[in-house]
Amino acid sequence: MLFDFTKLDIKKLENLYGGEKAVETKGYIDDDIKILMGRLEPGASIGEHEHNPGFEVLYIVEGCGKILIEGERVPIHAGMCHYCKTGSGHSLINDSDEDLIYFAVITLK
């Protein structure tokens with residue numbers, strides 16, 4: 001399959017997993033996988049959640065912020081990649097003054 005993210009519709013998800021503000025996302029979703037580009041505006045976050053079953057690979061395209069891993073807020077910036085393995089949890093937080101853009105692959109099984 002081939003995806004042109006510039007032609008996909010944006011979905012706005014308010015308070016995702018109990019996070020702050022909204023997440024804008026676009027991508028492909030089926031029964032097995034989510035392949036997404038997302039944007040967190042300053043002050044927005046994706047609340048803490050667990051991947052079980054499945055896992056997530058999250059690549060930071062632009063901006064900076066924090067990822068909550070095992071209760072610790074870890075600084076992240078463009079070029080960094082986070083792997084949240086099956087049974088683990090995490091949260092993505094934009095505590096900067098600029099948008100945080102990410103690319104995520106999330107397995108659902």
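## His49 and its surroundings

In this predicted model, a polar contact of 3.2 Å joins the side chains of His49 and His51, where a polar contact is a pair of N or O atoms within 3.5 Å, of which, within protein, one must be able to donate a hydrogen and the other to accept it, and residues adjacent in sequence count only if both atoms are side-chain atoms. Residues are numbered from 1 along each chain as its sequence is written, and side-chain values use heavy atoms, with hydrogens and water left out. Because the model is predicted, local features need pLDDT of at least 70 and side-chain atom pairs count only at pLDDT 80 or more, while totals for chains, interfaces and linings use all residues.

His49 is placed in strand S4, residues 45–50; strands (E, at least two residues) and helices (H or I, at least four) are DSSP runs numbered from the N terminus. With a relative accessibility of 12%, His49 counts as buried, the classes being buried under 20% relative accessible area, exposed over 50% and partly exposed in between, with a 1.4 Å probe and protein chains only. Leaving aside neighbours within four places in sequence, His49 is in contact with Tyr17, Glu56, Ser88, Gly89 and His90, contact meaning heavy atoms within 4.5 Å.

## The four-stranded sheet

S4 belongs to an open sheet of four strands in the order S4-S9-S6-S7, with antiparallel pairing; two strands pair if DSSP finds at least two bridges between them. The edge strands are S4 and strand S7 (72–77), each of which pairs on one side only. From one strand to the next, the twist averages 20 degrees, with axes taken as lines fitted to C-alpha atoms (for helices, over the stretch in contact) and angles running from 0 to 180 degrees between N-to-C directions.

Strand S6 (residues 64–69) and strand S9 (residues 89–93) pair in the antiparallel sense over four bridges. Within this pairing, Ile69 has His90 as its bridge partner in S9, and His90 is also among the contacts of His49; Leu68, in turn, has Ser91 as its bridge partner in S9. S6 and S7 pair in the antiparallel sense over six bridges, with His77 in S7 as the bridge partner of Cys64. These two strands form a hairpin with two residues between them, and Glu70 in the turn has a positive phi of about 50 degrees.

## The nonpolar core

The largest nonpolar core has 14 residues, and those with the most contacts inside it are Leu40, Leu58, Ile60, Leu92 and Tyr102. Such a core is a set of buried Ala, Val, Leu, Ile, Met, Phe, Trp, Tyr and Cys residues joined through side-chain atoms within 4.5 Å. The elements that give two or more residues to this core are strand S3 (33–40), strand S5 (56–62) and S10, and S10 gives the most, with four residues.

When residues up to four places away in sequence are not counted, Leu92 touches Leu40, Ser45, Ile46, Leu58, Ile60, Lys66, Ile67, Ile76, Leu100 and Tyr102.

## Aromatic pairs

The structure holds three aromatic pairs, where rings of Phe, Tyr and Trp (its six-membered ring) pair if their centres lie within 6.5 Å, and planes under 30 degrees apart count as stacked, over 60 as edge-to-face and the rest as tilted. One of them joins Phe3 and Tyr28, whose ring centres are 5.0 Å apart and whose planes stand at 35 degrees, so the pair is tilted. Phe3 lies in the segment before S1 and Tyr28 in strand S2 (residues 22–29), so this pair ties together parts that are 25 residues apart in sequence. Phe3 counts as partly exposed at 28% relative accessibility, and Tyr28 counts as partly exposed at 21%.

Another pair is edge-to-face, because the rings of Phe5 and Phe103 have their centres 6.1 Å apart and their planes at 85 degrees. This pair links distant parts of the chain, with Phe5 in the segment before S1 and Phe103 in strand S10 (residues 100–107), 98 residues apart. Phe5 counts as buried at 19% relative accessibility, whereas Phe103 is partly exposed, with a relative accessible area of 27%.

## Exposed positions

Glu14 is found in strand S1 (residues 11–14) and is exposed, with a relative accessible area of 51%. Apart from neighbours within four places in sequence, Glu14 is in contact with Lys21 and Ala22. The C-alpha atoms of Glu14 and Glu24, ten residues apart along the chain, are separated by 8.8 Å.

Met1, in the segment before S1, counts as exposed at 80% relative accessibility. Met1 and Ile76 are 75 residues apart in sequence and 30 Å apart in space, C-alpha to C-alpha.
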